[in-house]
There are 4 protein chains.
Amino acid sequence: MTDETGDNPREAPPRKPRTRGPSPEKTAQTRSCLLHAALDEFVENGFAGAQMSRITERAGIAKGTAYRYFPTKSALFEGVVAEFMAPLISGIGPPEPRADESVGDFLRRSLIPVMTTIETSRRADVARLVLAEGRNFPFIVQAYRREAYDRTIDFVRAAARIAMERGELTDDRLLRHPQLIFAPLWLAMIETGILVPDAPVSGAELLAEQIDLIFPPSR
Amino acid sequence: MTDETGDNPREAPPRKPRTRGPSPEKTAQTRSCLLHAALDEFVENGFAGAQMSRITERAGIAKGTAYRYFPTKSALFEGVVAEFMAPLISGIGPPEPRADESVGDFLRRSLIPVMTTIETSRRADVARLVLAEGRNFPFIVQAYRREAYDRTIDFVRAAARIAMERGELTDDRLLRHPQLIFAPLWLAMIETGILVPDAPVSGAELLAEQIDLIFPPSR
Amino acid sequence: MTDETGDNPREAPPRKPRTRGPSPEKTAQTRSCLLHAALDEFVENGFAGAQMSRITERAGIAKGTAYRYFPTKSALFEGVVAEFMAPLISGIGPPEPRADESVGDFLRRSLIPVMTTIETSRRADVARLVLAEGRNFPFIVQAYRREAYDRTIDFVRAAARIAMERGELTDDRLLRHPQLIFAPLWLAMIETGILVPDAPVSGAELLAEQIDLIFPPSR
Amino acid sequence: MTDETGDNPREAPPRKPRTRGPSPEKTAQTRSCLLHAALDEFVENGFAGAQMSRITERAGIAKGTAYRYFPTKSALFEGVVAEFMAPLISGIGPPEPRADESVGDFLRRSLIPVMTTIETSRRADVARLVLAEGRNFPFIVQAYRREAYDRTIDFVRAAARIAMERGELTDDRLLRHPQLIFAPLWLAMIETGILVPDAPVSGAELLAEQIDLIFPPSR
DNA sequence: GATGAATGAGCCTTCATTCAT
DNA sequence: AATGAATGAAGGCTCATTCAT
């Protein structure tokens, strides 16, 4: 598992001044710089507005170098998505609430840290890319659905089923609309990233409220 | 105020074949065609990806004609936003629940039709434009906040206050996070417009569920 | 029959300073200037070595203008070939020697003026393009074969058949190798255009000699 | 002088896998591979269209290695010409027909094998390079004139002189236009290499016909 | 007012050449 | 000596904008 991928909050790692000549580690470093720089540029300007020259400048490499790694701007975009989408929702497996905890508590325990991670890493940027470019680049939607959407929906639905079996939920609302639980996630990403960056809401907090609404905490 | 604005579901109005000579009504019609064509193009391709030539072609006018109405592509974009943003949330005033209805019922009665209108008109496209271009065009965010966001937040917060006064709400959750009630709106627009266009969720339905969560309907 | 096509010896026609706005005749003129400039550039530098910027500069138009007429450099090349190849061998129909002249005299009378025309017009340049780019651009070879090669071969073979019927030829050499009669044509074009431009041979003279060899002139 | 030069019909010699460390013979072999690969590339794509990376790939060496042998692409091109032009017309000395043979028979005996060699070796490719690149690279024309053209012209003229002295020729046609005898050579190279590769003519056969025309064989 | 040919700055991409390994 | 990652000038092409008709 490459730990190079988007977990370092916010900015791309620095980069020693370029030298010539081969070396596996330098190649990996160049590739990583390029991908981080490209993510920044794509997030800030969208695909059409991004400029290869700005990307390479951000990455501290020459224009031509980018093309050794990705043959076109589109391919670079796909590479960025592939690189940063995968770890989006890492850490969510089949829901297995402990016997001594309610399903609500289990969801709080498992989802809120994920939300926090998303908020403090680049992953939110990747998600916003899906919003901005999904219309024109089907592959980015497919990647998002595969890596994030489908998995989380399955996770929530399975948890809802357990909750109904245990009697913690008395209606099938969450089974019918599992996405309801994640609505605050998108809301927070949109508000913080676009609408009111000056007064960011906490996605984790909103998510907690939403879980409380669905699984009222025992007082 | 032209009533030509974005209420006709989906497509731009046709355009009578050109005739020579000026005429105020023809000018207004040309302007409207241009704006609708531009909205389509901006929604489909984003600002950077939109092409003036495609816009004028869609509008059925010559390239140079667009420049008689808006001096630059950016100005046209602003014009589009100004034109289609205003009526986004029209019909929402100060919340005045009737004496014989609960605040929850009042919210259901006032918000769900608005949601339905948004879903079936171009307004959802305009909202998605905010997502895609907000980063690069502050004015579009300002417009959205002014015309939609601030108004709805105020509306919900006022309603929440009434509900607390009446004892219909026992906690201040909605007062602290009024946006919670709109989370399903964004969710539905994103799912339907981008993520799962093949199996669109009903935003109105999700909104109803969310209101039910916050204001449990009396049996 | 456009007389615009390569008959004016050597250089492209001058061109009034560009103005904007439509006008059929100006469009035709621009197109012609472009084609002539492109021919010059392709002949001098080959396809790969030709530069669009040099072509448009020669033509006295802006870079983008060329792309209104031909979508790519390759398409422009094809356009050049189509434009200038057609009239290469114009004026050769079915061989019909008069009763009172020998076939040799008929060939002298019909072929030498064509040769002279080729030598003094741009047509020789077009032929050299076939040599230089035929390998990489099959269409240019096809065009040459269609417009020039096949026609002349047929012409010569038909003449040879008549000559044998009349008893003017006693062997079938020319029937088997009709191209033999044109060998001096390529030779002259190569020598004059490439090998010894400082001491150009007359292709017409060489051709006359070759015809004399095959049809010895009666003394 | 490496005997590696262009006589092996068609393809470049293979190349043993690289081993480390210097060695004069390896250097020579590398150089030869490079030159053959470069000839192929230049013949196929012309100078401007040729790519150093493709040449080194064909040669089985690294990009940088080529630059140890030739400082620039142009220098490599000159090297290719120098290497493969020299043996173009090897084997033609001063014309010395035996006393018992006619000059025509002598020419048939000396020229036809040369023609055959040219046709079956890479030399025809080199000649076509002269056609394609002569305009832009004077040195290639100079080399061709020095190594091939001037020699053959002298040879033919001297033979013509002898033939006139012997009374085998009654006019000075060949003296005035000695190149006439080689016209079929270019014709065959052009037809076979470019115009009608699917139905190649035999250059040797055409040359024989041409000599027969000038020196009618005694029956 | 409307038109669309023309403009040219700017972007993506290529490829000859370099140089640390 | 050989390697191939890196460089960056240069070329093909696009598209917002202009203006003569």
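How many residues does the contact take from chain B, and how many from chain A? The contact takes 31 residues from chain B and 31 residues from chain A, where two residues are in contact if their C-beta atoms, placed from the backbone, lie within 7 Å.

This is a predicted model, in which local features need pLDDT of at least 70 and side-chain atom pairs count only at pLDDT 80 or more, while totals for chains, interfaces and linings use all residues. Residues are numbered from 1 along each chain as its sequence is written, and chains are lettered from A and ligands numbered from 1 in the order in which they are written.

## Chain A overall

Chain A contains 10 helices and zero strands, where helices (H or I, at least four residues) and strands (E, at least two) are DSSP runs numbered from the N terminus. Of its 219 residues, 41% count as buried; a residue is buried if 20 or more other C-beta atoms lie within 10 Å of its own, exposed if 12 or fewer, and partly exposed in between, with C-beta atoms placed from the backbone. Among the contacts in chain A with a separation of 6 or more, 65% come from residues 24 or more positions apart.

The average pLDDT of chain A is 86, and 88% of the residues score at least 70, pLDDT being the predictor's confidence in each residue, from 0 to 100. Over residues 1–16 of chain A the pLDDT is below 50, and this stretch has 21 contacts in the model beyond near neighbours in sequence.

For residues 51–70 of chain A, an unreviewed UniProt entry lists "DNA-binding region"; UniProt positions are given in the numbering used here, feature names are shortened, and annotations may be inferred rather than shown by experiment. In the model, that span is 75% helix and 0% strand, and its end C-alpha atoms lie 14 Å apart.

Helix H10 (residues 203–214) of chain A has 12 residues and reaches 17 Å from its first C-alpha to its last, close to the 16 Å expected at 1.5 Å a residue, the expected span being 1.5 Å times one less than the number of residues. Its buried residues are Gly203(A), Ala204(A), Leu206(A), Leu207(A), Gln210(A), Ile211(A) and Ile214(A). Seen down the axis of H10(A), these buried residues fall within an arc of 160°, so they line one face of the helix; the arc is that of the directions from the helix axis to the C-beta atoms. What covers the buried residues of H10(A) includes helix H5 (103–120), helix H8 (173–176) and helix H9 (183–195) of chain A, together with helix H10 (203–214) of chain B.

H5(A) has 18 residues and reaches 26 Å from its first C-alpha to its last, close to the 26 Å expected at 1.5 Å a residue. In H5(A), the buried residues are Val103(A), Gly104(A), Leu107(A), Leu111(A), Met115(A), Ile118(A) and Glu119(A), and they pack against helix H6 (123–133), helix H7 (138–166), H9 and H10 of chain A.

On the side of chain B that touches chain A, at least two residues each come from helix H1 (24–49), helix H6 (123–133), helix H7 (138–166), helix H9 (183–195) and H10 of chain B. H9(B) provides the largest share of that side, eight residues. By class, the side of chain B that touches chain A has 17 nonpolar, eight polar and six charged residues; Ala, Val, Leu, Ile, Met, Phe, Trp, Tyr, Cys and Pro count as nonpolar, Asp, Glu, Lys and Arg as charged, and the others, Gly among them, as polar.

Between chains D and C, 31 residues of chain D are in contact with 31 residues of chain C. H9(D) gives the most to the side of chain D that touches chain C, with eight residues, and the residues of that side divide into 17 nonpolar, eight polar and six charged.

## Selected residues

Phe139(D) has its place in helix H7 of chain D and is partly exposed, with 14 other C-beta atoms within 10 Å. Glu101(C), in the loop between helix H4 (73–85) and helix H5 (103–120) of chain C, is exposed, with 12 other C-beta atoms within 10 Å. Arg122(C), in the loop between H5 and helix H6 (123–133) of chain C, counts as buried, with 23 C-beta neighbours inside 10 Å.

| Residue pair | Separation in sequence | C-alpha to C-alpha |
|---|---|---|
| Phe139(D) and Ile92(D) | 47 residues | 23 Å |
| Glu101(C) and Gly46(C) | 55 residues | 44 Å |
| Arg122(C) and His36(C) | 86 residues | 9.7 Å |
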